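Visitor: Could you show me how to read a few side-chain and surface features here? I would like the general idea before each case.

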Amino acid sequence: FDPSSQKYHCEYCLSDFTQEELESLSQELVRRKAEHQEPGLQEQDRREQERREPGGAGAQPVLYTCPSCGAQIVTDDTAAATFCYYCHNPVVLAGRLEGQFRPDYVIPFQIDRQKAEEIFSQWIGRKKYVPETFYNKKQIESMTGVYFPYWVYDVEREGKMQGDARSVRMWTTGNTQYTETKYYAVEREGNVSLRNLTENALKKANVKLTSGVMPYAYDKMKDFHMGYLSGFLAERRDIEQNAVQGKM
């Protein structure tokens with residue numbers, strides 16, 4: 001996925017594709033495969049899909065094979081997209097974001113790596129007493145975009161408040177000072193609508209750091225497709241909805 005063009009870029013034939021074009025091609029390939037495939041092979045494909053899904057029979061949740069060089073890639077349980085340690089090609093881990101773990105939406109990256117490095121270098125240039133290890137070449141080379149999982153809520157609230165109020169007025173006439181005190185019963189009520197409230201959905205995330213980039217550009221949010229993860233790191237949630245509902 002190329003953030004600058006917001007399209008998918010093939011590194012072999014150098015073609016660019018929109019999401020709609022890829023979906024059309026994918027549907028055509030599935031149709032052709034179904035027309036020429038024997039029933040026994042269809043059942044084999046179904047079993048292979050079950051094996052890859054989290055929790056499926058015989059699943060290997062932390063071991064994957066790089067489709068580019070064939071090396072085995074070891075990840076933790078929440079990684080959904082990563083890079084091969086050997087050939088450095090991006091790898092989207094099949095099955096990690098399927099079923100109940102499939103996100104509804106994604107905010108695609110809007111800038112590429114080169115632009116990110118440029119912004120980082122400008123930011124470092126304005127700082128003093130920054131350790132060299134923080135911005136050395138090796139550190140910058142490890143820079144990459146990461147998709148983090150969140151629970152996103154819209155909330156409708158209505159409230160009512162009751163209380164006592166007091167108004168005091170003082171004045172002087174001649175040698176006499178007067179004080180007037182009035183008491184009131186006060187009631188207020190109203191409705192409030194809150195949109196795009198977020199709660200972290202990854203246990204290992206540094207909440208202080210991830211909160212520092214908020215608010216996200218929710219106007220750029222799109223329906224989720226696995227292709228957006230290609231070329232980036234991505235994490236799968238491991239905090240469920242019922243664990244964060246009490247915070248909302």
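Visitor: Which side chains does a polar contact of 3.1 Å join?

Guide: A polar contact is a pair of N or O atoms within 3.5 Å; within protein, one must be able to donate a hydrogen and the other to accept it, and residues adjacent in sequence count only if both atoms are side-chain atoms. Here the side chains of His225 and Glu23 are joined at 3.1 Å, and the side chain of His225 also makes a polar contact with that of Gln19, at 3.2 Å. Keep in mind that this is a predicted model: local features need pLDDT of at least 70, side-chain atom pairs count only at pLDDT 80 or more, and totals for chains, interfaces and linings use all residues. Residues are numbered from 1 along each chain as its sequence is written, and side-chain values use heavy atoms, with hydrogens and water left out.

Visitor: What is His225 in contact with, leaving aside its neighbours within four places in sequence?

Guide: Contact means heavy atoms within 4.5 Å. For His225 the list is Tyr8, Gln19, Glu23 and Arg102.

Visitor: Where in the chain is His225 found?

Guide: Helices (H or I, at least four residues) and strands (E, at least two) are DSSP runs, numbered from the N terminus. His225 lies in the loop between strand E11 (222–223) and strand E12 (233–235), in a chain with 5 helices and 12 strands.

Visitor: Is Tyr135 buried or partly exposed?

Guide: Buried means under 20% relative accessible area, exposed over 50%, partly exposed in between (1.4 Å probe, protein chains only). Tyr135 has 35%, so it is partly exposed; its place is the loop between helix H3 (113–125) and helix H4 (137–141). Of the 248 residues of the chain, 21% are buried.
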